[in-house]
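Thanks for coming. I will walk through one structure this morning, from the whole chain down to a few residues.

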Amino acid sequence: MKEISISKCIFFGVLISIPIFLFLTRRNSSSTLVSTSTSISDSDLKIRPGYPTYDSYFQKQLNKTLNPKLRKIWTTRDWDRKIQVFSKFFGELKNRKLLSDSSKVLCIGARMGQEVKALKRVGVSDSIGMDLVPYPPLVVKGDFHNQPFDDEAFDLEFSNVFDHALFPEKFVSEIERTLKPGGICVLHVALSTRGDKYSANDLYSIEPLKKLFKRSELVHTRTVDGFGLDTERLQ
């Protein structure tokens, strides 16, 4: 895949309609955080209708997390496979010096904590997952629209649940709030592909997502194989 140099540390190379990774680094600046809003003006990021209140949205997301069929899959068929996939991925980040044994890492929307298990397997012991339902000791309870962590707490944050954000601006601003200056955010997103019935937004290009990051810059993007997206669509 061709890579186009945008600046000395920014690279861009993305193919639409398949999952990609976005690597962003938080600048050392004091920019104002964006406010919570569903008014996305960019046609390439659309908020789905059908959520008259935040409680109705929250309950729908909770229904997925507590779905016994999915939880069984996540802890049986998917467990070892995802740990292996994530171990390889986080190992690559270590090789690229984006991650080290001393890094403090947050996995957003980690559910059962396979990502955290994988991080610990590759030597990153100070890592934790966050989801609506805790799964001790790997995952703590938290809403990605309002993370329960202090400012500048993490060296790296990873998520593949951006499509579940009803307030994309708040999702991103919370990452930038809790990420240390110079820290790395890695997002796994699918473009031009409608998510499952629990998705709250649809993303058709990375441009609106880039605009949401007010205190960060895009470092690199690349196409990837999905992390069990077939399982996410089992409903």
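The secondary structure of this chain amounts to seven helices and eleven strands; both are DSSP runs numbered from the N terminus, helices being H or I with at least four residues and strands E with at least two. The model is predicted, so local features need pLDDT of at least 70 and side-chain atom pairs count only at pLDDT 80 or more, while totals for chains, interfaces and linings use all residues. Residues are numbered from 1 along each chain as its sequence is written, and side-chain values use heavy atoms, with hydrogens and water left out.

Now the chain as a whole. Of its 235 residues, 53% are buried. Buried means under 20% relative accessible area, exposed means over 50%, and partly exposed is in between, with a 1.4 Å probe and protein chains only. Among contacts with a separation of 6 or more, 75% join residues 24 or more positions apart; a contact means heavy atoms within 4.5 Å. The chain exposes about 10,800 Å², and carbon and sulfur atoms supply 52% of that. These areas come from the Shrake-Rupley method with a 1.4 Å probe; for residues, only the protein chains shown count as cover.

Next, helix α5, residues 168-178. Ten of its eleven residues are buried, so the helix is largely enclosed by the rest of the structure. Among the buried ones are Glu 169, Glu 174, Glu 176 and Arg 177.

Another glutamate, Glu 115, lies in helix α4, residues 114-121. Leaving aside neighbours within four places in sequence, Glu 115 is in contact with residues including Phe 86, Phe 90, Cys 107 and Phe 158.

Cys 107 is buried at 0% relative accessibility, and Cys 185 is buried at 1%. The count of disulfides is zero, a disulfide being a pair of cysteine sulfur atoms within 2.5 Å.

Last, Thr 75, in helix α2, residues 68-75. Thr 75 is partly exposed, with a relative accessible area of 32%. Not counting residues up to four places away in sequence, Thr 75 touches Met 112 and Tyr 135.
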